[in-house]
Amino acid sequence: MALNFFDQFMSPVFLGLPLMALALTLPWILLPTPSSRWVNNRLLTLQGWFINRFTQQLLLPINTQGHKWALMFSSLMIFLLSLNMLGLLPYTFTPTTQLSLNMGLAVPLWLATVIVGMRNQPTHSLGHLLPEGTPTLLIPVLIVIETISLFIRPLALGVRLTANLTAGHLLIQLIATAAFVLLPLMPAVALMTTMLLLLLTLLEVAVAMIQAYVFVLLLSLYLQENV
Amino acid sequence: MCKCKLFVVSRDVVGSSRSLRHRRCSLQKGTKRPKQGARCSERLAPSFINHAVQARSHFSVVQASRSLHSSSQSLAPVPSLPEKGGKVRHGIIPEELFQLLYPKTGVTGPYMLGTGLLIYMLSKEIYVINHETFAAASIGAVIIYGIRKFGPSVAAFADKLNEDKVAKAQEVKDLAMSSLTQATEDEKKEQWRVEGRSMLFDAKRNNVAMLLETNYRERLHTVTNEVKRRLDYQIALQNLQHRMAQEHMVNWVEKNVVSSITPQQEKESIAKCLTDLKALAKATHAKATA
């Protein structure tokens with residue numbers, strides 16, 4: 001049974017059992033558990049340092065109310081980062097290529113920020129629908145535009161992540177196939193294709209990290225507006 | 001009670017996650033040692049993973065005793081972490097495999113095993129070379145390049161983080177110690193000062209006595225001067241009176257003498273003076289010509 005290019009994105013099933021839960025939860029095993037020691041091994045030190053720095057940087061522009069979201073953001077970041085990076089390995093399934101998963105992350109979190117804003121400071125939140133300094137004539141148009149932009153946000157969040165990762169994986173598959181097929185026919189061209197594949201892999205590593213970061217950053221931005 | 005946690009040994013760039021493994025290994029002193037060839041991960045996985053691993057394991061491993069909590073091992077005092085992680089060759093293959101195969105197959109054993117396995121899987125088409133192989137090769141190259149290039153610096157950074165942490169605590173301890181030694185020295189100095197206190201008092205007493213003496217002498221001097229001044233005044237007064245009397249007397253005598261000189265007496269005295277002068281002139285003239 002020959003694989004087509006989109007089989008890598010099918011939700012994995014083994015003997016009728018869906019493996020999606022395993023795909024989502026097993027990356028957690030790779031992260032070392034914080035121990036009760038004061039001085040840890042290098043891995044744990046680096047993990048602790050990274051999470052501390054990341055959370056500190058992310059929560060810098062957010063006021064104290066928003067700091068309740070620190071755990072959410074840091075765990076989301078680690079989750080997305082690990083899923084994306086592990087997906088770059090061969091024969092792996094990347095859950096974040098599924099639109100359902102990304103929308104399932106984006107819509108509730110975005111909605112939470114909006115509801116938090118509307119409940120605690122409704123005037124201030126609604127005020128974001130009109131940027132400062134707009135000419136009076138443009139106000140109605142701009143409010144409509146800003147409302148549309150507000151509702152597009154969860155869609156954009158989810159689709160951005162899905163599209164980036166899916167496109168990246170597809171490209172890797174395509175170029176790898178090209179290199180594979182060209183190898184017996186035109187080895188020199190296959191060599192160049194392999195070089196391209198190497199560069200693309202580097203790009204995909206970067207994209208995996210950046211997309212996870214962007215997802216969390218945008219959510220923190222939406223929170224900052226509303227809190 | 002030994003609490004075993006579930007974790008997969010990840011042989012990664014910084015290479016020290018195995019240290020955690022070894023920590024757990026060292027706790028198992030009271031339990032039966034598994035056979036020397038057992039991979040460490042199998043010794044540590046908890047029981048439900050054990051069964052899955054055992055079914056496919058090439059080595060027989062005794063695992064049951066640990067999960068029955070029958071050992072008297074405790075977690076305190078916390079055993080120390082090993083300095084370095086487990087030894088690995090080529091980044092991912094533990095040294096224990098090579099040690100295991102060395103007696104039977106020598107140095108090249110594991111390599112032959114690896115090559116044979118690879119060729120077996122390729123020839124029997126258990127693993128088929130397809131486009132994913134290329135993708136695997138490229139991601140493998142990226143990972144290996146990343147680890148070789150950035151591994152040492154990342155490890156050094158992690159070490160530095162830990163060292164800074166320890167250094168900060170050490171600094172606090174050193175500061176406390178230095179301040180305490182300083183306090184001890186200051187206290188000793190104060191004690192030495194106390195010994196010299198009597199000397200200080202003597203010196204002060206001498207000072208005060210000298211001041212008093214000086215003061216007394218000054219006042220004595222002043223008194224003497226004052227008395228002398230008064231006496232000088234009296235002397236001057238007497239001298240003045242004496243002189244005035246003398247002058248008065250001299251003036252009175254002169255006045256009387258001058259008034260008592262008659263004109264007859266005056267003429268006689270002038271004639272006498274003239275004859276005396278002539279005689280003197282003659283005498284000098286005679287002396288000059290002689």
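# Two chains and the contacts between them

Trp38(A) reaches across to the other chain: leaving out residues up to four places away in sequence, Trp38(A) touches Lys165(B), Val166(B) and Ala169(B). The model in which this is seen is a predicted one. Trp38(A) sits in the loop between α1 (20-25) and α2 of chain A.

On the side of chain B, 39 residues are in contact with 30 residues of chain A. The size of an interface is often given as the accessible area lost when the parts come together. Between chain B and chain A the buried area is about 3300 Å², and carbon and sulfur atoms give 70% of that area.

Polar and charged pairs also occur across the interface. The rule finds 1 salt bridge between chain B and chain A. In it the side chains of Arg42(A) and Asp159(B) meet, with 2.9 Å from N to O. Between chain B and chain A, 8 residue pairs are in polar contact, counting pairs with both residues at pLDDT 80 or more.

Which helices of chain B supply at least two residues each to the side that touches chain A? They are α1 (17-27) and α7 (131-195) of chain B. Of the elements of chain B, α7(B) gives the most to this side, with 21 residues. Sorted by kind, the residues of chain B on the side that touches chain A are 24 nonpolar, 10 polar and 5 charged.

The next step is to look at each chain by itself. Chain A holds 7 helices and 2 strands. Read from the N terminus, the order of elements in chain A is β-β-α-α-α-α-α-α-α. Chain A has 227 residues, and 41% of them are buried. Among contacts in chain A with a separation of 6 or more, 72% are between residues 24 or more positions apart.

Chain B has 9 helices and 2 strands. Its elements, again from the N terminus, follow the order α-α-α-α-β-β-α-α-α-α-α. Of the 290 residues in chain B, 18% count as buried. For contacts in chain B between residues at least 6 apart in sequence, 51% join residues at least 24 apart.

Now to the inside of the model. In soluble globular proteins, nonpolar side chains tend to be buried together. The largest nonpolar core here has 29 residues. Those that touch the most other members are Phe73(A), Leu76(A), Leu80(A), Leu157(A), Phe215(A), Val216(A) and Leu219(A). Several helices of chain A each supply at least two residues of this core, namely α2 (42-59), α3 (70-87), α4 (99-120), α6 (139-185) and α7 (187-226). The largest share, 7 residues, comes from α7(A).

Apart from neighbours within four places in sequence, Phe73(A) is in contact with Phe54(A), Leu58(A), Leu59(A), Ile62(A), Val216(A), Leu219(A), Ser220(A) and Leu223(A). Another core, of 13 residues, lies apart from the largest one. Among the members of this other core are Ile172(A), Leu197(A) and Val205(A), and also Val142(B).

Ser74(A) lies in helix α3 of chain A. Because the relative accessible area of Ser74(A) is 10%, this serine is buried. Leaving aside neighbours within four places in sequence, the contacts of Ser74(A) are Ile51(A), Phe54(A) and Thr55(A).

Most residues other than glycine have a negative phi. Leu15(A) is not a glycine, yet its phi is positive, about 50°. Leu15(A) is found in the loop between β1 (13-14) and β2 (17-18) of chain A. With a relative accessible area of 76%, Leu15(A) is exposed. The second case is Tyr91(A), which is not a glycine either and has a positive phi of about 60°. Tyr91(A) belongs to the loop between α3 and α4 of chain A. The relative accessibility of Tyr91(A) is 45%, so Tyr91(A) counts as partly exposed.

Conventions
Residues numbered from 1 in each chain as written. Chains lettered and ligands numbered in written order. Heavy atoms only, no water. Contact = heavy atoms within 4.5 Å. Buried area = accessible area lost by both parts, 1.4 Å probe. Salt bridge = Lys/Arg side-chain N within 4 Å of Asp/Glu carboxyl O. Polar contact = N/O pair within 3.5 Å; in protein donor to acceptor, adjacent residues only side chain to side chain. Helix = DSSP H or I, 4+ residues; strand = E, 2+ residues; numbered from the N terminus. Nonpolar A, V, L, I, M, F, W, Y, C, P; charged D, E, K, R; others polar. Core = buried A, V, L, I, M, F, W, Y, C linked by side-chain atoms within 4.5 Å. Buried < 20%, exposed > 50% of the residue type's maximum accessible area, 1.4 Å probe, protein only.
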